[in-house]
Amino acid sequence: GTPTGWENCWTQSTFTGSVRWESEDATGANENSFATGPFYDNTSPSTAGGTYMYLETSSSGGPAELTSPGIDIGTVSNPELEYHYHLFGTTINKLVIYAENSSGTRTAIDSLTGAQQIAQGDPFLRRAVSLSSLSAGVYKFVFEGQRGTSFTGDISIDDVSVQQGATCARPFSLPTEPQSTSSAIARWNSS
């Protein structure tokens, strides 16, 4: 892992102890974590060679922050923060995401608590967070990982972006009925 910074201007910091964000090569074996964390990254699931970020919880301390470079959300109408996450382990605690403006003021925009996957081999899940309540300007996005009670609490993220949000909610977990080898019917309800 790379404990202090990366080429693309992301940085990490730890408040106490040695809980920290690291980059992990997705080998399909997860050689650095037992009973927690994913086997592959989100970009190339089931394929070795990718990379994702994870909160290393083998030692005590924390929380630890992974911070993006500044991103101007005023260039996009209806901006949203999209990221993919993997929270598997019996002692997953909490992931909190903040938007930090150029004055250093932080606004909590999202959080996840506890395990979100039921098996280590489960895929990453997608999360889209509307940024429409924020004023236009440059923001850093801070992913704060909070360690649970043991080493089986690694929190992983991948494929973070700020983009144009959908004008209506995207459907997920669509039940499908195969009709032939080249077609299917998908059903969903609006909310």
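Biologist: Are tyrosine 52 and phenylalanine 124 buried or exposed?

Modeller: Start with the term. Buried means under 20% relative accessible area, exposed over 50%, and partly exposed in between, using a 1.4 Å probe and protein chains only. Tyrosine 52 is buried, and phenylalanine 124 is buried too. This is a predicted model, where local features need pLDDT of at least 70, side-chain atom pairs count only at pLDDT 80 or more, and totals for chains, interfaces and linings use all residues. Residues are numbered from 1 along each chain as its sequence is written, and side-chain values use heavy atoms, leaving out hydrogens and water.

Biologist: How many aromatic pairs are there, and how do I read one?

Modeller: A pair of aromatic rings is described by the distance of the centres and the angle of the planes. Rings of Phe, Tyr and Trp (its six-membered ring) pair if their centres lie within 6.5 Å; planes under 30 degrees apart count as stacked, over 60 as edge-to-face and the rest as tilted. By this rule there are five aromatic pairs. One of them joins tyrosine 52 and phenylalanine 124, edge-to-face, at 5.9 Å centre to centre and 65° between the planes.

Biologist: Which parts does that pair tie together?

Modeller: Helices (H or I, at least four residues) and strands (E, at least two) are DSSP runs, numbered from the N terminus. Tyrosine 52 lies in strand E3 (residues 50-56), and phenylalanine 124 in the loop between strand E8 (106-113) and strand E9 (125-130), so the pair ties together parts that are 72 residues apart in sequence.

Modeller: Now take tyrosine 83 and tyrosine 85. Their pair is tilted, at 6.0 Å centre to centre and 55° between the planes. Tyrosine 83 is buried at 0% relative accessible area, and tyrosine 85 is buried at 6%. Trp10, Tyr83, Tyr85 and Phe143 form one aromatic cluster.

Biologist: What elements does the protein have?

Modeller: The protein has 13 strands and zero helices.

Biologist: Which strands pair with E10, and in which sense?

Modeller: Two strands pair if DSSP finds at least two bridges between them. Strand E4 (residues 64-67) and strand E10 (residues 138-146) pair in the antiparallel sense over four bridges. There, glutamate 65 stands opposite glutamate 144. Strand E5 (residues 71-72) runs antiparallel to E10, with two bridges. Aspartate 72 stands opposite valine 138. Strand E7 (residues 94-101) also pairs with E10 in the antiparallel sense, over eight bridges. Lysine 94 has glutamine 146 as its bridge partner in E10.
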